[in-house]
Amino acid sequence: MAQYAACPAFQLGRPRYDQRRLRECIKLLEDFQHGTLPPGVSDLQLWEAQKVKQAIIHPDTGEKIFMPFRMSGYVPFGTPIVVGLLLPNQTVVSTIFWQWLNQSHNACVNYSNRNATKPTPTSKFLQGYFGAVTSAVSLAVGLNVLIQRANRLSPATQIIIQRLIPFPAVASANICNVGLMRNNELSEGIDVLDGNGNVVGSSKIAAKHAIMETAFTRVVLPMPIFVLPPIIMSYLEKLPFLLTNRRLLLPIHSLVCLATFSLSLPLAISLFPQMSQIEVSKLEPEIAMATNSKVVTYNKGL
């Protein structure tokens with residue numbers, strides 16, 4: 001029991017998951033699988049160890065995911081980018097910069113959390129990266145120019161619409177990003193597993209489902225992030241306190257973005273489980289011939 005004392009599962013008040021604690025949590029889970037757990041280990045401790053492992057270790061490769069590209073790091077590393085995207089009175093140069101930075105981060109997140117049962121060539125990564133950045137920048141700049149030419153709108157309305165522009169730009173680019181970054185899965189297929197965790201075969205149909213589900217979460221994710229803060233800030237900016245303390249606008253804007261990001265990420269991720277299931281009858285005939293299971297499991301990715 002003492003060998004697990006440093007594991008976060010046994011120290012729930014200590015969130016610092018260094019390499020040593022991670023190894024101890026992994027060993028705890030391995031002992032559970034082998035039936036060699038020492039007495040006194042609770043279900044809560046096992047679940048906490050599982051959370052630590054899933055937050056850091058890729059389920060296919062078994063390797064650590066670089067911290068800025070983990071889902072647990074999405075909010076702290078992504079919030080500054082969201083704040084930049086939602087800044088008012090954007091120039092063409094600033095729009096290009098923030099869209100480029102956002103899609104660069106998204107590309108790395110998508111690649112790091114992909115289904116990695118098949119190797120992905122570097123050329124596919126670069127193709128997805130440039131495709132997503134190009135689509136986001138083109139759409140965002142085009143919408144900005146369109147709004148600036150809409151002289152019939154009042155200045156206040158123009159500002160609100162300009163603040164809402166990042167959502168369609170980011171949502172469209174996110175779909176392209178996921179599709180292009182994980183296009184190799186469509187051509188190669190992904191592994192599907194039976195109830196015992198054995199690989200049944202490689203399925204392109206399951207890969208299509210995985211990418212569609214992930215792309216849908218990438219549309220839902222930015223919806224509250226890019227819609228609510230502009231509406232909230234348009235109201236807060238009119239308050240007498242902020243009219244006389246304009247220097248507080250950016251910190252308050254950042255806090256509003258952080259709050260909406262923190263709420264929207266769990267909502268979007270929870271739409272589909274990472275380890276999804278699909279009926280064998282919906283997959284390729286060779287998959288159905290290779291197993292007696294009616295349902296198989298695949299890593300959707302995040």
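How does Phe97 count at 39% relative accessibility? Phe97 counts as partly exposed, because its relative accessibility is 39%. The cut-offs are these: buried means under 20% relative accessible area, exposed means over 50%, and partly exposed lies in between (1.4 Å probe, protein chains only).

This is a predicted model, in which local features need pLDDT of at least 70, side-chain atom pairs count only at pLDDT 80 or more, and totals for chains, interfaces and linings use all residues. Residues are numbered from 1 along each chain as its sequence is written, and side-chain values use heavy atoms, with hydrogens and water left out.

Start with the whole chain. The protein chain holds 13 helices and 4 strands. Helices (H or I, at least four residues) and strands (E, at least two) are DSSP runs, numbered from the N terminus. Of the 302 residues, 46% count as buried. The accessible surface comes to about 15,700 Å², and 64% of that belongs to carbon and sulfur atoms. Such areas come from the Shrake-Rupley method with a 1.4 Å probe; for residues, only the protein chains shown count as cover. Among contacts with a separation of 6 or more, 67% join residues 24 or more positions apart. A contact means heavy atoms within 4.5 Å.

Now take helix α1, residues 19–34. Its 16 residues should span 22 Å at 1.5 Å a residue, and the end C-alpha atoms are 23 Å apart, which agrees. The expected span is 1.5 Å times one less than the number of residues. Buried residues in α1 include Arg21, Glu24 and Asp31, along with Leu22, Cys25, Leu28 and Leu29. Their cover includes α2 (43–56). Gly35 follows α1, with a positive phi near 75 degrees.

Move on to α12, residues 249–269. At 1.5 Å a residue, its 21 residues should span 30 Å, and its end C-alpha atoms are 30 Å apart, which agrees. Leu249, His253, Val256, Cys257, Thr260, Phe261, Ser264, Leu265 and Ala268 are buried in α12. They cover an arc of only 155 degrees around the axis, which puts them on the same side of α12. The arc is that of the directions from the helix axis to the C-beta atoms. The face turned away from this buried side carries the exposed residues Leu255 and Leu263. What covers the buried residues of α12 includes α3 (74–85), α9 (204–220), α10 (222–236) and α11 (240–244).

Helix α9 also contains Thr214. At 0% relative accessibility, Thr214 counts as buried. Leaving aside residues up to four places away in sequence, Thr214 touches Val178, Arg182, Lys300, Gly301 and Leu302.

Next, the rings. The whole structure has 5 aromatic pairs. Rings of Phe, Tyr and Trp (its six-membered ring) pair if their centres lie within 6.5 Å; planes under 30 degrees apart count as stacked, over 60 as edge-to-face and the rest as tilted. Phe97 and Trp98 have ring centres 5.1 Å apart and planes at 75 degrees, so the pair is edge-to-face. Trp98 counts as buried, because its relative accessibility is 19%. Ring pairs link Phe97, Trp98 and Trp100 into a cluster.

Phe216 and Phe272 have ring centres 6.2 Å apart and planes at 75 degrees, so this pair is edge-to-face. Phe216 lies in α9 and Phe272 in the loop between α12 and β3 (275–279), so the pair ties together parts that are 56 residues apart in sequence. Phe216 counts as partly exposed at 46% relative accessibility, and Phe272 counts as partly exposed at 25%.
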